[in-house]
Amino acid sequence: MESVFPMLEPLLPRVSKPVQYVGGELNSTVKDWDAAAVRWALMYPDAYEVGLPNQGVMILYEVLNEQPDVLAERTYAVWPDLEALMREHGVPQFTVDGHRPVGAFDLLGVSLATELGYTNLLTALDLAGIPLHAADRTEDHPIVLAGGHAAFNPEPIADFVDAAVLGDGEEAVLEITELVRRWKQEGSPGGRDEILTRLAETGGVYVPRFYDVGYTDGALDPVTPNRDRVPATIAKRTTMDLDAWPYPKQPLVPLAESVHERMSVEIFRGCTRGCRFCQAGMITRPVRERSIEGIGAMVHKGLEASGFEEVGLLSLSSADHSEIAEITKGLADRYEGSQTGLSLPSTRVDAFNIDLANELSRNGRRSGLTFAPEGGSERIRRVINKMVSESDLIRTVSAAYAGGWRQVKLYFMCGLPTETDDDVLQIAAMAQEVIRAGREASGRKDIRCTISIGGFVPKPHTPFQWAAQCDPDTVDDRLRKLREAVNSDRRIGRNIGMRYHDGKPSLIEGLLSRGDRRVGRVIERVWREGGRFDGWSEHFSYERWTSAAAAELEPLGVSLAWFTTRERAEDEVLPWDHLDSGLDKAWLWDDWQDALDGRELEDCRWTPCFDCGVCPAMGTDIEIGPTGRKLLPLTPV
């Protein structure tokens with residue numbers, strides 16, 4: 001299979017950031033095409049600078065390439081300037097590793113972290129010469145396989161993907177590879193239909209064409225299989241022993257600037273805090289921790305292989321690792337006096353302490369601390385089950401400012417269920433109190449607090465999957481009032497930064513996250529009318545989406561509002577009901593009622609089981625320490 005680089009290279013001086021298309025990154029892999037029995041193209045449907053650091057793609061890339069007869073290469077969305085030139089000069093969608101045409105691979109695995117990447121997927125399919133609609137593909141086309149968090153409701157893109165995998169991918173991709181290898185060795189009996197059937201009958205791969213959908217008065221009927229060999233429901237995959245999967249071992253080092261310039265180690269997977277808005281926390285249950293020795297080995301090998309000078313200790317709530325103090329102290333001891341810095345992502349106020357922060361900054365890096373109260377008032381935090389009091393926050397940030405930090409960032413959401421103007425305005429009061437307390441604790445006037453506000457989007461497989469989404473006008477009006485409240489006292493307001501997005505992209509994300517197969521018509525129309533990179537504000541067009549929704553949905557008796565700002569009833573069939581995340585639907589409904597009543601739920605890591613359903617349904621269990629072991633210093637050879 002020849003490289004398309006000779007066709008591509010003359011075009012690169014004519015586009016922005018051409019280095020993102022040339023490949024050759026440290027730790028990238030190019031294998032012999034002819035020696036491979038199964039060939040994967042792995043795609044993150046966004047720009048290189050966003051896609052390259054993605055942990056999911058990086059892990060699968062390494063897992064697959066470790067197999068001697070398997071080849072995996074990466075492809076990313078190309079910017080519109082290169083897309084136009086590729087169409088003009090007949091250059092197909094290519095991988096950045098071997099610059100091989102994506103249409104020549106056996107499988108195209110697409111990691112869908114956000115729904116706003118759907119139009120980029122269609123661009124890649126079209127540039128690759130792969131028919132947009134799965135029904136039009138033949139044995140000569142790759143199997144298009146979706147994964148990632150958005151794959152937990154793939155119905156809006158059911159017409160465009162051949163299959164979807166729910167949950168963890170490490171073991172799943174190897175099993176899929178083995179099925180494809182065996183089918184090819186047998187001479188590809190039964191063609192494309194047969195290999196898709198073999199994948200579907202495992203119970204862990206969803207093939208939309210094998211399931212019928214119907215509607216009654218606009219509402220969805222139960223989704224049913226249309227052939228005997230496929231199951232009625234599809235279960236998510238859960239990798240239990242994370243120490244057995246210490247990936248990435250050799251992190252990719254980007255050639256161009258990327259959103260994360262660091263080596264990342266996932267210290268545990270899953271979360272049982274029970275934040276009702278958080279799809280990631282719900283669908284990744286149960287909690288599975290890496291051991292302290294496993295984390296130490298990953299950090300050591302990753303730094304040696306990459307040369308990065310920062311290590312991100314990642315998870316949904318990293319400070320909740322049962323041995324986080326031992327991990328951070330052990331790593332800080334190990335790398336003291338070196339150029340290696342440690343970082344945690346956004347941290348829960350009630351899991352943070354100043355000793356932890358001091359260990360993270362021992363090498364002199366104090367970039368700032370980030371906390372996520374999510375809601376401005378105590379009332380709304382009870383609704384979303386974010387059990388953080390304002391006094392906890394003030395006490396924590398006061399300790400941080402007193403300890404020498406000058407910058408604190410606070411994350412909030414706007415448009416939450418039952419939210420009022422007052423709930424949002426209390427964000428301003430909280431930020432002002434943070435500045436007052438910080439000045440008193442530090443004795444300085446130059447401290448900063450930045451509040452960052454995102455629009456809330458109800459997600460599948462969460463207690464808020466039944467909730468009405470807040471309309472953009474209301475969100476924008478509340479954000480305007482919030483800005484006025486922040487600036488009402490200039491002596492304090494000048495120390496408070498405010499970042500937010502308007503409510504319009506969130507509404508479209510809501511359409512795509514809770515839509516059914518009818519929404520695919522909207523996606524395709526938007527793409528045909530020029531929709532690209534909808535997750536980027538400079539490319540997003542609200543008018544394009546709303547006009548496409550009106551044109552495609554209203555003749556079917558539904559609308560954009562029907563999918564977004566309408567509250568669902570308990571007995572309504574949801575588009576993802578046949579896709580099993582392990583969570584019991586009745587438990588989710590009960591938690592939704594608790595939310596409306598402002599009742600909180602404890603973390604089941606430390607309390608008796610609340611019967612969410614995951615552990616018995618998936619045959620899993622919470623796996624946490626503490627082990628009582630220490631991270632030993634490195635021994636020179």
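Is D392 buried, exposed or partly exposed, and what is the relative accessibility behind that label? D392 comes out as partly exposed, at 23% relative accessibility; buried means under 20% relative accessible area, exposed over 50%, and partly exposed in between, using a 1.4 Å probe and protein chains only. Keep in mind that this is a predicted model, where local features need pLDDT of at least 70, side-chain atom pairs count only at pLDDT 80 or more, and totals for chains, interfaces and linings use all residues. Residues are numbered from 1 along each chain as its sequence is written, and side-chain values use heavy atoms, with hydrogens and water left out.

**Salt bridges overall**
- The count is 55 salt bridges, each a side-chain nitrogen of Lys or Arg within 4 Å of a carboxyl oxygen of Asp or Glu.
- One network of salt bridges ties together E419, D421, D477, R478, R480, K481 and E484.

- D392 pairs with R395 in a salt bridge, 2.5 Å from N to O.
- Both D392 and R395 sit in helix α13 (residues 390-402), 3 residues apart, or about one turn of the helix; helices are DSSP runs (H or I, at least four residues) and strands are too (E, at least two), numbered from the N terminus.
- R395 is exposed, at 53% relative accessible area.

**Across distant parts of the chain**
- R237 and E175 form a salt bridge at 2.9 Å, N to O.
- R237 is in the loop between β11 (234-235) and β12 (263-266), while E175 belongs to helix α6 (residues 170-185), 62 residues apart.
- R237 is partly exposed at 22%, and E175 is partly exposed at 42%.
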